[in-house]
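Welcome, and take a moment to turn the model around before reading on. This report walks through a few of its features one by one.

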Amino acid sequence: MSQLAAMSMGVLLVLAVLGIFAARRPLGSRLIYAACMLICSALAGIALFALLAPPSPVEAALELPVGLPLGRTLLAFDPLSAAFAVIVNVASAIVSGYAIGHGAHAREPQRVVPFYPAFIAAMNLVLLAQDAFSFLVGWEFMSLASWALVVSDHASADNRRAALVYLIMATGGALTLLLAFGLLAGADGGYAFEEIRRAAESGVGPIVLILALVGAGSKAGLVPLHVWLPLAHPAAPSHVSALMSGVMTKVAVYGFVRLVFDLAGPPSWWWSVPVLVVAGITALLGVLYALMEHDLKRLLAYHTVENIGIIFIGLGLALAFEANGLGAAAALAFAAAIFHVLNHSLFKSLLFLGSGAVLNATGERDMEHLGGLIHRMPVTALTFLAGCIAISALPPFNGFVSEWLTFQAILLSPELPQWIPRLLVPAIGATLACSAALAAACFVKAFGMTFLGRPRSPAASGARETDGWSQSAMALLALLCLLAGILPGFVMDSLQPVTQMALGTRLAPQAAQPWFRIVPIDASRSAYNGLFVCVMILIGAAATALMVRQFASHALRRSAAWDCGFPDASPATQYSAGSFAQPIRRVFGSVVFRARERVVMPKPGDTAVARLHVELRDTVWDALYVPVIRLVEAITERLNRMQFLTIRTYLTLVFAALVVLLIIVGTWQ
Amino acid sequence: MIREWLTQLAQAALVLGLAPLLSGATRTIRARLLRRRGPSVLQPYRDLLKLIRKEVVIAENASWLFRAAPYVIFATTWVAAAVVPTFATGLTWSAAADLIVIVALLGTARFLLALAGLDVGTSFGGIGSSREMMFASLAEPAMLMAVFTLSLFAGSTQLSSISAYMLGPQAGLSISLALALVALIIVSIGENARIPVDNPATHLELTMVHEAMILEYSGRHLAVIEAAAALKLVLYLSLIACVFAPWGTAVAGAGGVAYAIGLGAYAIKLTVLAFLLVLFETAIAKMRVFRVPEFLGVALMLGLLGTILLFVSRVPR
């Protein structure tokens, strides 16, 4: 199995090299994307087999003849990495399918096509790695390949800034992960995961947790390390944005789970506290940021931050339960988190693909210039609507199931013996409920402004439906969202080997439940049947429509909009994205973003236009990043003087440094 | 098995048949309190019949979403209302949809209604959708917090079990329950577009929210949406009744007499609740829109407080 997976990865790398030449012709890029789609499907199949097959006695890891002199390079799937590999490769395969059609629109394909297979290969390397060395190589490779894709449209200054911020954050994140693995391995330990697990270095757990939270968290987009994400994800071409937001963040979650649940040893109860606090803040802030955003792709990127918060809420709860020996509750919370990982990879990819289709059709990302696309892009609109319902955690789609499972886990937490989590968890529950409701508002805005109403620009009124490949990819993702929502039992059962591996316990198999319902703990406690709810809604709607058809008047007349008798022909009189968000901005934004509104009214009699200025401050950036940037600038300013010294002074400095270092080394021993 | 399903279907039909009557009753009580005679309590039925016989006029640029939304909104609300116990507990559908699902189903209906409000691209539709989603961003978590309190009490999120628990001997008075009740009442007022949050009788006012969203609807579409709104009121009142005033509700599998008593008790409870609701409405003035978040924020804080009290007061094993 691992040989096959490693071979597929190798093929992806070959494709990356071929991409350099193939990208010169449209057909070449299409072929590369098609090959990516096939290989990702194969990798997903391999991973699914590794996940579901009964654990074979000893399937030796594949050892590569490269690597550190001390360590070995091991590649293999275990249940944890296999589950994430399924999630990553299913989404990647569908996104590649979309790219067959969409990639043809790229302005400079040679800046995208070679890096695309490399990016997917790197993500698979992270998942396949069974030792710290190959994990980190894959991780860095993933960062660099995605960086190259972010900077592919390098003409725009925004994109260059995004790439710079991304590079700095990625470097910092990788550094902390390096430290975490170093601590885990100890002074003379091996770097293979197996050896780390066996050595079980005591006492480093808490530091590893913090380092993982910083390292993996910055990649995933935990507040306050999220700043690069809404800059970088939208800067890339849309199919790459889908991969970065929908898939790469999942690899980051995998990194966290691997370090904290697998390698760091048994947790103590307080580990859950920083995770839950950060996750709660991330969930709420992420969605508020998204609501304030009018750029469709940036809105989606900010919303990824919220979903990462939801995933980490589940992981934090799992830590708290596991530390207290509450196995069933821990399994439930963990299963909820992993389920949400899968869900988010599906609907976030779907939404980014939809935004790419809109961007191609109109050339616009700003929702203030869109509108009315439901008439001109019906398939995109329908699939995007499915994604919006799913991501807003509304039944019968899949987002609701993972949120429901998380709520069930929260309702089990009065069992926790410690006071701090018991006080914290209800607050986290309220935060989660709040962010779910705000997410619905956010996606009413996203869908309503983009697809409904009247076109706000000539580009929007002249839009055309996207190509067949893109449509099929989006339809497939929408279908998967629905299927995971109405048949959640199968998904939960398939993901159970992960829970088994990470926690040593698992939920009861759901396949045994009648009528495809899910029962996380006990049937008298709670149960959900997505299929039933979906069928009842459909029956109810169909029956009503039928009854109305039978007894009601069939007459229907098209006429001008009524609008209380004052319809205005200008599309500018519609509610805009800014005005839609205004109530929420006033309620939440005045605290979180220090939002200020200023109205400039001309004097009576003056015919100048009145203006409304809205000012939003990014509190996190102002409070945390601006001081650091200032400090770095101040220090470099000082150090700059050393560039113009004489050779004598340099020699003196070198000598002094040598002496100081020798003294330090001497006193150390 | 068959009997249980029949009870379930009877309850689903009951809420549907009762919904316009309840709206009619609130209107009549309101008229009497204002010393008007008011229309008959059966007026909403006549309104619905009249509406479905009328021609539908829709805007030129209305999409398929605008035409499909009323039916889906109605169906989701109905499914949610059907799992709230009315005269008997032990609903079979409770095993498929618990209280969290009810909240979420109402969320789906609201999501689609807000989209329908944006579909034609008028300023009134936008104002309604935007404000509705702002209210919901506080009302929905407040409702969920009340749900948490109830679920922690009964050890189950299924409404049938919660109601049965409240009927049983273990249930007693508690501060958390009182807080949850207040939160739930505030949320019900907000979600059903009643005064002081919104005015169901308003038209052509800048303060309207729910009416603004459905302004472009007419004929049969409007009838279906009005029916869904009436169902939602029944849902909330039944919810409050079955949890906080469970007396008289028949337990699962009880005989016909118990069902008859349950039915009578349900009718009395609904009437009393409708009277209280209208009494509150006539005694208070409508709020400014930006006072509503404070009003709903109180519900959220009360719900959270109730949940935290339960978390703290529970002695770990």
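Which residues of α16(A) meet α17(A)? They are E403(A), T406(A) and I410(A), and their partners in α17(A) are V425(A), I428(A), G429(A), L432(A) and A436(A).

Helix α3(A), residues 79-102, and helix α13(A), residues 327-362, have axes that come within 10 Å and cross at roughly 10 degrees. An angle under 35 degrees counts as roughly parallel, and α3(A) and α13(A) are therefore described in that way. On the α3(A) side, the contact includes A83(A), I87(A), A91(A) and I94(A). Among the residues they and their neighbours in the list meet on α13(A) are I338(A), V341(A), L342(A) and S345(A). The contact of α3(A) with α13(A) has 11 nonpolar residues and 5 polar ones, with no charged residue.

Now to the place where the two chains touch. Here 76 residues of chain A are in contact with 77 residues of chain B. Several elements of chain A each supply at least two residues to this side: α14 (373-376), α16 (398-411), α17 (419-451), α21 (530-551), β3 (556-559) and α22 (577-592). Which of them gives the most? That is α17(A), with 15 residues. By class, the side of chain A that touches chain B has 49 nonpolar, 18 polar and 9 charged residues.

The chains also share strand pairing. Strand β3(A) is joined by 4 bridges to strand β1(B), residues 56-59, and the two run parallel. Within this pair, R558(A) stands opposite I58(B).

| Cis peptide bond | Omega | Loop holding the proline |
|---|---|---|
| V223(A) and P224(A) | about 10 degrees | between α8 (205-220) and α9 (229-235) of chain A |
| I195(B) and P196(B) | about 10 degrees | between α7 (175-191) and α8 (210-213) of chain B |

Another backbone detail concerns R594(A), which has a positive phi of about 45 degrees although it is not a glycine. R594(A) lies in the loop between α22 and β4 (596-600) of chain A.

Finally, how confident is the predictor? The mean pLDDT of chain A is 90, with 97% of its residues at 70 or more. Within chain A, confidence is highest in helix α15(A), residues 378-391, at a mean of 95, and lowest in strand β1(A), residues 62-64, at 72. Where pLDDT is low, predicted coordinates should not be read in detail. Chain B averages a pLDDT of 89, and 98% of its residues score at least 70. For the model as a whole, ipTM is 0.94 and pTM is 0.94.

Notes:
Residues numbered from 1 in each chain as written. Chains lettered and ligands numbered in written order. Predicted model: local features only at pLDDT ≥ 70, side-chain atom pairs only at ≥ 80, totals over all residues. Contact = placed C-beta atoms within 7 Å. Nonpolar A, V, L, I, M, F, W, Y, C, P; charged D, E, K, R; others polar. Pairing = 2+ DSSP bridges. Axes fitted to C-alpha atoms, helices over the stretch in contact; angles between N-to-C directions. Parallel < 35°, antiparallel > 145°, perpendicular 65-115°, else oblique. pLDDT = per-residue confidence, 0-100.
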